[in-house]
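Have the viewer open while you read.

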Amino acid sequence: MKVSYNWLKSYIQFDHTPSQLCELLTSIGLEVGGSEEVESIRGGLKGLVIGKVVTCVPHPNSDHLSITTVDTGSGEILPIVCGAPNVRAGQKVVVATVGTTLYDGDQTFEIKKAKIRGEVSEGMICSETEIGVGSDSSGIMVLPEESVIGTAASDYFKVESDWVIEVDITPNRIDGASHIGVARDIAAALRQTGENGYKRPSVESFKVDNHQLDINVEVLNPEACPRYSGVSISGVEVGESPAWLQNRLKAIGLTPINNIVDITNFVLFETGQPLHAFDADEITGGKVIVRTLMPGTRFKTLDGAERKLDEKDLMICNSNEGMCIAGVFGGIDSGINTTTQNVFLESACFDPVYIRKTSRRHGLFTDASFRFERGTDINATIYALKRAAILIKEIAGGTISSEIKDYYPQPVQGYPVEVSYHNINRLIGKTIPKETLKEILVSLEMEIVSETDRGLSLMVPTYRVDVHRECDVIEEILRIYGYNNVEIPTHVSASLNYAENPDPNKVKNVIADYLAAQGFNEMWSNSLTKASYYENMKDYPAEKTVKLFNPLSSDLGSMRQTLLYGGLECIQLNSNRKNEDLRLFEFGNCYFFKGTHYKEDSAANYFEEEHLGLFITGNRESQNWLTPETTTSFFLMKSYVENILTRLGFTLEQLKVNESGNEIFSEGLSYETANKQKLVEFGIVSPKWAKSFDLENAVYYADFDWGQILWESKKNKVKFTELPKYPEVRRDLALVLDKEVKFSSIKNIAFASERQLLQSVSLFDVYEGKGVPEGKKSYAISFILRDDNRTLNDKQIDKAMERILIACEKQAGAKLR
């Protein structure tokens, strides 16, 4: 939120410079994102002066230019060539001298000494638009005769200089989203209370002038609107706001519209309470009704867009139709315009959940919805209403023509909180004098109801919608007391912690280092995702999705069941930017809903698992002078998977390999332990999912159940084996097999038939074609044999190979090629 330095000073007196104020605000929890100096007129009219046209004659070389001489009070008469049709001798004008910078939107240009059609020109006589004080560009700006020559334009037009401070409001500090809220915190930090504290403008002058415009209020949805206040003002004159009001709004980046709307915006940023002004003549039936409308109802908002309403969109209606989306955006027909004479002013408190959902549903994010979504002070509606009504009466005229209509069936007095001195000192880490504590609490307008030796009973004001607990109050005390005022202790206490075996962080780092060495980049995706991803899925059913009660948007409405979609979103983002050759990995939690076996809000209904996801897509090697372009493949992913398992101490021969039945894969495998605990499944992402993300290249994905892997790895024992003393022998076989037979089957058969001598089995060629019967394929397989106690002879080798061949023939139908 933007805060004006000058505006703040109208509520509290302080001597801090803008930079010192920024430091103070950050230290008390209102973090400053930046600050800049601004002027009510861009550029501050620097270099512009009031001058008098001494002479004016036609330019000899042009039919539309004039040659003038201008007295700017400097003692020197300036020759200026002017193209305005209304320039005359004797006029008082605004002159931009040589070196002055003028602004035209985002463009700037500097006035230089020049020759125009052969005549010297040393400046420029300006129009309203050229200096930013008006919109008339038909000719130069002619000032009244009494204007004093040589007066700086900045003084003549009363340019106001200000500093704008950008405060990054956190969701829990909506009380700081107003100038009065910031002034309150400044006063607390400076320990300024009573007469020296901040001062809210008085509304004592508010009074009802007549009852000519009595508009009733009816709230049909009290849950969504716990308080609604309104007042009628008749006989107003809609027009331009005075300069002081325009300058206040311009300083914080708002464009003045008209005096009525400007006042509602001013009060919003002054008090933090959103207001809305209706053209009272458009309130048919003389009644304002707060309700929801039928789903699908069409409603045209101020921006001219027609929107389809949801059944939970709260509306402000007249007797016939909707006039405004409550707390979000006004309607095009009931707003203030130049013909408005009667106004109904609204000041309400709406339920944050209703406003947040409506705002997200329609993509409307306004200053009002920003505050209502985070919670406004339910007891501030009347003050803001009176403040705005008084300003309207002063600036736009008119009379207050009704009593304040205030629907408030269940008044809220505040939030009682008990706080103990022991807990304050324990959590802060320092013993703060009791008088200082009470001084801080009073400066934050927290009422001390009673006091004992042990602590305080407080009544927290309703403007602090987030302070309901003892720890919340202690946090408030600490931020005002100052984090930097709590000394760092010289004595440090520590306890010994014994790491788990295996240490999860160490294991994770080992695997992350391995993947990084293989060219992978680590990614972090959002654990919040679209619920629609899981619709009609079998392996990740929608009913197991953990859904958020108050999602920020429909795209962040549930928690992920798999890392797949976050990875595909990342690949899509990179592919759209021509970065298509990717290797990515992510460690992250996945979340699941068990069902309603327990109470609905019980944590036992939910569980989470940590997973490791690998993604590869695009080319394995880009084309260069040495190697041809090669794409990634299933077997490349398989090698990464097996290397990770091996690095974690798993023996591949002891793991069971199965085809993955997961619907996310068009082809895939899974590795399980002997007790059928799945460790990982991987494969080619089904084109159905790849296509939904507009991905043209094949994507290979591996999903490790990281929690299960850590648990199973505890059973792995590291054994030392000395280097073999005797040589190994390699024998190759070319076997003709049915196409359905996989290499893993041959490998398992070989190890089962020769347990003593066989050390490893590798596939080094696959052939289909001429010489191989249809429906068959040829595997070229190498077998490594070794005896750890002696050198093998030919007889032993032949016998072992014979056993392997016979087993392959019987169990897999293999034939020697």
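## Helix 13

Helices here are DSSP runs (H or I, at least four residues), as are strands (E, at least two), numbered from the N terminus.

Nine of the 12 residues in helix 13 are buried, so the rest of the structure largely encloses it. Buried means under 20% relative accessible area (1.4 Å probe, protein chains only). Among them are Asp 472, Val 473, Glu 476 and Arg 479. The buried residues pack against several elements, including helix 2 (18-27), helix 5 (179-189) and strand 28 (455-460), where contact is heavy atoms within 4.5 Å.

## Where the model comes from

It's a predicted model: local features need pLDDT of at least 70 and side-chain atom pairs 80 or more, while totals for chains, interfaces and linings use all residues. Residues count from 1 along each chain as its sequence is written, and side-chain values use heavy atoms, leaving out hydrogens and water.

## Two cores

A nonpolar core is a set of buried Ala, Val, Leu, Ile, Met, Phe, Trp, Tyr and Cys residues joined through side-chain atoms within 4.5 Å. The largest has 84 residues, with Leu 21, Leu 25, Ile 260 and Val 473 touching the most other members. Helix 10 (residues 381-396) gives the most to this core, nine residues. A second, separate core of 33 residues includes Tyr 514 and Phe 520.

## His 362

His 362 sits in helix 8 (residues 352-362) and, at 12% relative accessibility, counts as buried.

Conventions:
Buried means under 20% relative accessible area, exposed over 50%, partly exposed in between (1.4 Å probe, protein chains only).
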